[in-house]
Amino acid sequence: MIEFSANDNLFMARALELADKGRYSAKPNPCVGCVIVQNEQIIAEGWHQYAGEGHAEVNALKAAAQQTQGATAYVTLEPCSHHGRTPPCANALMDAGVKRVVVAMQDPNPLVSGQGVQRLREAGVEVDVGLLAPQAQALNHAFCHKMLHGEPWVMSKVAMSLDAKTAMATGESQWITGTASREDVHRLRAQSDLILTGIATVLADNPKLTARDGLEGRQVQQARVAVLDTTLRMPLDASLLLGELDVTVLTSHNNRQKINALKQVGCEVVVLPKGNDNRVDLIAVKQWLALQPINNVMVEAGAVLNGAMLSASLLDELIVYMAPSILGQSARGAFDIDGLTQLADKVQLNLQSADSVGEDFKLKYQIKRDS
């Protein structure tokens with residue numbers, strides 16, 4: 001068991017703070033921070049800002065200039081050992097003369113995990129692993145899930161009243177929750193790689209699905225958007241298509257005229273098979289998502305799609321914003337799910353956290369799976 005000092009903990013905590021700066025911009029890469037220390041003093045810091053650009057270690061080494069001989073580097077994720085869009089960070093640390101590297105967690109990718117640590121140790125660098133590992137794993141939980149399971153983490157956001165209603169019978173829904181909750185939703189969008197919605201939501205609300213509010217001073221890379229649109233009803237003047245979002249329509253309709261029209265306005269169209277309900281097959285959607293370079297999917301949709309994804313066990317997490325209001329019996333519910341006739345059929349959730357957001361409650365659940 002490695003015994004880390006108080007300063008080790010302090011420096012790694014700072015590295016995690018730096019890593020969090022990439023929460024909204026580094027995707028789909030993991031958030032990584034690095035602190036370089038000489039004589040128990042921080043001499044340089046770095047974090048990974050954008051995919052394809054310098055990793056945290058390289059940015060920190062550049063900031064340190066020539067003062068790195070015999071230094072200690074604190075890194076929140078195992079330094080890479082392979083050539084991707086950037087050279088291996090393990091080599092950069094070795095070339096800089098770093099004497100010790102403290103790593104919060106190993107890379108969860110089973111194809112590369114441990115290789116960066118091994119390369120450093122073979123070069124005579126002292127490497128200690130595991131300092132503040134739970135915090136590092138929480139910061140990159142979706143990345144870890146993708147590396148270990150081969151598919152992205154899928155979370156659905158629902159805003160509802162105290163009586164679990166999401167809209168009036170007329171469809172009016174803006175706004176059930178308060179400003180603080182809506183800003184929090186924008187932060188969820190900002191940290192997501194892809195937002196999944198349905199054509200019914202597009203037609204009813206004409207949403208922008210961009211991350212705008214509550215993100216002052218943060219670097220934000222907008223999420224991709226995928227719309228389930230079985231019969232290609234997507235309007236060519238939808239707000240989603242008028243901005244600079246990367247939009248994909250997932251359809252089961254092979255009308256070349258409509259497909260070409262959507263492509264002309266910059267929208268990608270992917271034709272998938274139909275399911276038994278005559279809508280785009282959700283299993284095929286899951287397979288398509290698994291092939292994308294993404295870790296984190298956010299579902300922003302209505303009761304039909306949310307209910308279908310719950311029924312098909314395609315959600316990993318549910319975040320509910322509950323407003324202190326009651327909309328009444330005729331208002332629309334949050335989940336359309338058929339076939340639940342007895343308690344044994346219920347979808348069971350595990351509460352992870354409950355927080356106040358303005359006047360609303362934010363409830364975070366993981367979906368309980370049968371073992």
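**Chatting through the fold**

Me: Among contacts in the protein between residues at least 6 apart in sequence, what share join residues at least 24 apart?
Reply: That share is 70%. A contact here means heavy atoms within 4.5 Å.

Me: What kind of model is this, and which residues count?
Reply: It's a predicted model, where local features need pLDDT of at least 70 and side-chain atom pairs count only at pLDDT 80 or more, while totals for chains, interfaces and linings use all residues. Residues are numbered from 1 along each chain as its sequence is written, and side-chain values use heavy atoms, with hydrogens and water left out.

Me: How many helices and strands does the protein have?
Reply: Twelve helices and 16 strands. Both are DSSP runs numbered from the N terminus: helices are H or I with at least four residues, strands are E with at least two.

Me: How many of the residues count as buried?
Reply: 49% of the 371 residues. Buried means under 20% relative accessible area, exposed means over 50%, and partly exposed is in between (1.4 Å probe, protein chains only).

Me: Is Cys34 buried or exposed?
Reply: Cys34 has 0% relative accessibility, so it counts as buried. Cys80 counts as buried too, because its relative accessibility is 13%.

Me: New topic: where is Thr68?
Reply: Thr68 is in the loop between α2 (56–64) and β3 (72–75). It counts as buried because its relative accessibility is 5%.

Me: Which residues does Thr68 touch?
Reply: Leaving out residues up to four places away in sequence, Thr68 touches Ile36, Gln38, Leu61, Ala96, Gly97 and Val98.

Me: Now the backbone. Which peptide bond is cis, with omega near 5°?
Reply: The one from Lys27 to Pro28. Pro28 lies in the loop between α1 (6–20) and β1 (33–38). For background, most peptide bonds are trans, and most residues other than glycine have a negative phi.

Me: What is the phi of Asn39?
Reply: Positive, at about 55°, although Asn39 is not a glycine. Asn39 is found in the loop between β1 and β2 (41–47), and with a relative accessible area of 70% it is exposed.

Me: What about Asn206, where is that found?
Reply: In the loop between α8 (199–205) and β9 (224–228). Phi of Asn206 is also positive, near 45°. Asn206 is partly exposed, with a relative accessible area of 35%.

Me: Last one: which residues in helix α12 are buried?
Reply: In α12 (residues 303–311), Ala303, Leu305, Asn306, Gly307, Met309 and Leu310 are buried. Just after that helix, Ser313 takes a positive phi of about 55°.
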